[in-house]
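I opened my notebook on this one with two things to look up. I wanted one residue's surroundings, then how the copies sit together.

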There are 2 protein chains.
Amino acid sequence: MALSFAVHHRDGVARAGVLHTPHGAVETPTFMPVGTQATVKGLTPDMLRDINARIILGNTYHLALRPGDELIAEQGGLHRFMGWDRPILTDSGGFQVFSLASQVKITDRGATFRSHIDGSPLELTPERAVDIQQNLGSDIAMVLDECPPGDAGPEVVRAAVRRSVGWAERCKRHHTRPDQAMFAIVQGGTSLDLRAECARELVAMDFPGYALGGFSVGESPEAMHAALPGCAALLPEDKPRYLMGVGRPEDLLAGVAAGIDLFDCVMPTRNGRNALAFTADGPIRLRNARHRRDSAPVESGCPCVCCATFSRAYLHHLFAADEMLGPTLLSAHNLSFYLRLMAGARAAVAGGRFPDYRAGCLARWRADS
Amino acid sequence: MALSFAVHHRDGVARAGVLHTPHGAVETPTFMPVGTQATVKGLTPDMLRDINARIILGNTYHLALRPGDELIAEQGGLHRFMGWDRPILTDSGGFQVFSLASQVKITDRGATFRSHIDGSPLELTPERAVDIQQNLGSDIAMVLDECPPGDAGPEVVRAAVRRSVGWAERCKRHHTRPDQAMFAIVQGGTSLDLRAECARELVAMDFPGYALGGFSVGESPEAMHAALPGCAALLPEDKPRYLMGVGRPEDLLAGVAAGIDLFDCVMPTRNGRNALAFTADGPIRLRNARHRRDSAPVESGCPCVCCATFSRAYLHHLFAADEMLGPTLLSAHNLSFYLRLMAGARAAVAGGRFPDYRAGCLARWRADS
């Protein structure tokens, strides 16, 4: 058994639990920093440990293309290759094929496409997605799914659900690695009926965890927040639930309120590289001239390396001078913010005060923006 | 007294000593990582401490232009601004004006030029160079000097020496900060006579330390190695000696052999950003395909974060994928190499075996290249 999960506290449908993996335990709900190319951009593993990251995400599509999953397997697996000894979840590569590759053609067999790096022709089938992730040796692998665009019509979404269910079954059948768990992905777009149909069939296959896919592809935040409780309720109570690719801090809180346990998003690192910092009082733009002589830390009270040592004036200078240390420090801070937000959510769920915690966060963020 | 220096061991004219500054002691000979814009590119202060950097260099010209020396003074000085609590040496800005600015005009009063950032007209006089460095609050400031190009004729070099001597006197007269020492700079190009004349006048002014300038501006390494012993011998035995802007590992060893105590150069960090690593067996290029599956560390036995955790294959991947972590890790490694090279030189001088140490290093580097 590669994975076990226990819910320790509930507050409404929000829950706090612990996920046990071959590389250690993860308290949930939590956020997974994105390490697309075998590195969370600009941060060393020590920096990730310093901000209490417990589990990170790797991107199967990118790693299979470069440096290649077989090379990583030869080098002892993704954990050893990138110097990260805590848990890793890998996606299946499907979402990146649809969003990054060119000449994508999808059949029941799988997807053919051309690499975004060198244009070479490639194929990703359910079986290949499993092989890649087994080579990477992540603690949690994801089934290959078809993620239709956010504006796809109902017939397209229905076909994607049918195909995704079939692919999930093939992934499960092909998967052999005993120290790796595989999660299924519920698609269905904005249709609760299709989501329910997809979830019913996947739950019958008894995966050790379930994800909601297709929630970061263009719908409004309000529509997502409204849909989340119904969709999360389709997933087993006793298994971890993962909301893929979402999102802003307020979206994470909406997810926790709906009973989600795991999140990932490039937003904290991508925004950090672009000089936008998340803080308890709302986001701030460090390039803004008002921070030029601001001796306060980015977020007072934050224990991260950025806030413990440096001023907003220093960060403003680093970005003005195009120095690499700016993106590095602000990525560390933003991840620290996300991880502390989730740690606060866990404590609030355990204390039966999650609605107050969520409302308090939202009120503070709105007050300053 | 902002600074004291004691030589503890000698081996020939090579020496090992300790420099005491307001921000702590520095064992010499040592190398100073270059932090041009209030950051050693890509490294946090913690990373610099982890590789045993004891003193770093800041660039007066860059800092005066951006974010401005008065802003840094308001923010508590350069140490606090950049989160570095160990010693800092600042250059005078002269070399950067001559190499980076445009429309440079030099008179006895000082240099006028246009900023390389926004073209604004600026002036750097000896007094202004002192004011800037007093605002920055470095432990060691440098006098403003005129550094003529490497191919300048004897009359140009002679005029630069006369002007530099006058400027040094004005810098000394203008300098008031009691917690900052000011070093003089001996110019004179390839003429030992001019160097001797310059040194004689500067030594008569009784500065607490002396630098050799104009040694990284185009002369051959052989010419520099040949000139160093004679030039270093012009400087007081009991004061620290600094060879500015030099250089390759073999140049540092030549400097130590000539009795130099302090070095700085952008080479370890610049080369690190370009995937070239210094190792005990000579330099290696991490982009080379031969490292694609090389599971060895960049340099075996090196205790830096790069070598303790990661393989050459991982570094090769980071550079191929254009990931920021590659330049960060390899800058840390190359600085670690330079600092360990100097630590080895100190131990060798103390043990009376510096010539063997130097010859052993050179033989190993040549064997692999």
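I began with the contacts of B:Thr269, leaving out residues up to four places away in sequence: B:Pro33, B:Val34, B:Val40, B:Lys41, B:Ser331, B:Asn334 and B:Leu335. Two residues are in contact if their C-beta atoms, placed from the backbone, lie within 7 Å. This is a predicted model, where local features need pLDDT of at least 70, side-chain atom pairs count only at pLDDT 80 or more, and totals for chains, interfaces and linings use all residues. Residues are numbered from 1 along each chain as its sequence is written, while chains are lettered from A and ligands numbered from 1 in the order in which they are written.

I found B:Thr269 in helix α11 (residues 267–273) of chain B; helices are DSSP runs (H or I, at least four residues), numbered from the N terminus. Buried or exposed? B:Thr269 counts as buried because it has 24 C-beta neighbours inside 10 Å (the cut-off for buried is 20 or more other C-beta atoms within 10 Å, with C-beta atoms placed from the backbone). I also noted B:Leu330, 61 residues from B:Thr269 in sequence but 7.7 Å away in space, C-alpha to C-alpha.

Next I turned to the two chains. Chain A goes onto chain B with an RMSD of 0.0 Å, by a turn of 180 degrees and a shift of 0.0 Å along the axis (least squares on C-alpha atoms of residues with pLDDT of at least 70 in both). The copies are therefore related as by a two-fold rotation axis. In chain A, A:Met324 has the C-alpha nearest that axis, 3.8 Å from it.

Technical notes
Helices (H or I, at least four residues) and strands (E, at least two) are DSSP runs, numbered from the N terminus. A residue is buried if 20 or more other C-beta atoms lie within 10 Å of its own, exposed if 12 or fewer, and partly exposed in between; C-beta atoms are placed from the backbone.
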